[in-house]
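Subject: The model you asked for

Hi,

Here is the structure to open up at your end. Have a look at it, then read on for my notes.

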Amino acid sequence: MGSAIVEAIIEHKILEPEEILAFDPNTAHCEALSAKGVTIAANNRRVAHMSPIVLLAVKPQIAGDVLTEIQTVAANTCFISIMAGISSGYIKSKLPNTTYVIPAMPNTPLIVGKAATIIAKPSDVPLEFYRAAVSIFSCAGDVVFVDEDYINACIPLSSSSPAFFYRMAAEMLRYAEQLEVDPVVALRLVAQAMEGAAVMLRESGKSPDELISQVASPGGTTLAALDQMDIHGFDEALREALIACKLRADELSRTPT
């Protein structure tokens, strides 16, 4: 995700590649960024020391290690954190009290410029830092602003939800394969149906239930499918998945290492 954000910054000319300093313990990732003109630092400390704004794009499970590594060189720096479940309060507790933290939760469609990014603005963050964060994510999709207390509740709706849609698409494509439908045709139909449904949901002004009723006529094929979803507990399974996703974010908030 960090690399995708850097690519969006470069593509939309928010910064020139040579103005970006990056580090990743994965050598291949560094080489890919270097090929785009990004300056590669020797370590995380160098990035934190040299940069007024730092993107924290590390796994939540190693948040504590990374923050400990940079804590003595992070004064007066603004950190944009995309670590799921890690609160700004926790990050600030590991860093000098002159640092600022902006929590942000993009999702992977950022790679194709169709992200949905959640951003929270703690009250102490200077406006110029906040505007910079918004410009970074708005160049690659839609930005939604929420109070930080609601970020974990929104993770299953945005950051994790593409995987849910892909899971549904994968099962639809397996069905098509079993019936020997051309896989190229099947993928095109499923992807276009998902995209069209998303546009209608966003722009029609109708609720999901109203849109379902437009498709599901009495005694028809769609209703037959929806009846099977009811029988097999589709709604209940999805609801439990959403709850589990949010609870895991809460667990990460309580127990970072």
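Below is what turned up, starting with the sheet and ending with a pair of helices.

A word on the source before that: this is a predicted model, so local features need pLDDT of at least 70 and side-chain atom pairs count only at pLDDT 80 or more, while totals for chains, interfaces and linings use all residues. Residues are numbered from 1 along each chain as its sequence is written, and side-chain values use heavy atoms, with hydrogens and water left out.

**The sheet**

Five strands make an open sheet in the order β3-β4-β5-β6-β7, and the pairing is mixed. (Helices, H or I with at least four residues, and strands, E with at least two, are DSSP runs numbered from the N terminus; two strands pair if DSSP finds at least two bridges between them.) The edges belong to β3 (53–56) and β7, and each has a single partner strand, so one side of each has no neighbour in the sheet. From one strand to the next the twist averages 25°.

Strand β4 (residues 78–81) runs parallel to β5 and is joined to it by four bridges, with Phe79 opposite Val101 in β5. Strand β6 (residues 115–119) and β7 are also parallel, with five bridges between them, and here Ile118 stands opposite Val144 in β7. As for β5, five of its six residues are buried, so call it mostly covered. (Buried means under 20% relative accessible area, exposed over 50%, and partly exposed in between, with a 1.4 Å probe and protein chains only.)

**A buried serine**

Ser88 sits in helix α5 (residues 88–93) and is buried, at 10% relative accessible area. Which residues does Ser88 contact, leaving aside its neighbours within four places in sequence? Those are Val101, Pro103, Pro122 and Glu148, where contact means heavy atoms within 4.5 Å.

**Aromatic pairs**

Searching the whole structure gives two aromatic pairs. (Rings of Phe, Tyr and Trp, the last by its six-membered ring, pair if their centres lie within 6.5 Å; planes under 30 degrees apart count as stacked, over 60 as edge-to-face, and the rest as tilted.) One is Tyr100 with Phe129, tilted, at 5.8 Å centre to centre and 45° between the planes. That pair links distant parts of the chain, 29 residues apart: Tyr100 is in strand β5 (residues 100–105) and Phe129 in helix α6 (residues 127–138). Tyr100 is partly exposed at 24%, whereas Phe129 is buried at 13%.

The other is Tyr130 with Phe145: the ring centres are 6.2 Å apart and the planes are at 50°, so this pair is tilted too. Tyr130 is in helix α6 and Phe145 in strand β7 (residues 141–145), 15 residues apart. Tyr130 is buried at 13%, while Phe145 is partly exposed at 47%. Tyr130 also has the charged end of Lys121 over its ring, 5.5 Å from the centre; the test is NZ of Lys or CZ of Arg within 6 Å of the ring centre and within 35 degrees of the ring normal.

**Two helices**

Finally, the axes of helix α8 (residues 161–178) and helix α9 (residues 183–203) come within 10 Å and cross at roughly 145°. (Axes are lines fitted to C-alpha atoms, for helices over the stretch in contact, and angles run from 0 to 180 degrees between N-to-C directions.) Phe165, Ala169, Met172, Leu173 and Ala176 in α8 meet Ala186, Leu187, Val190 and Met194 in α9.

Cheers
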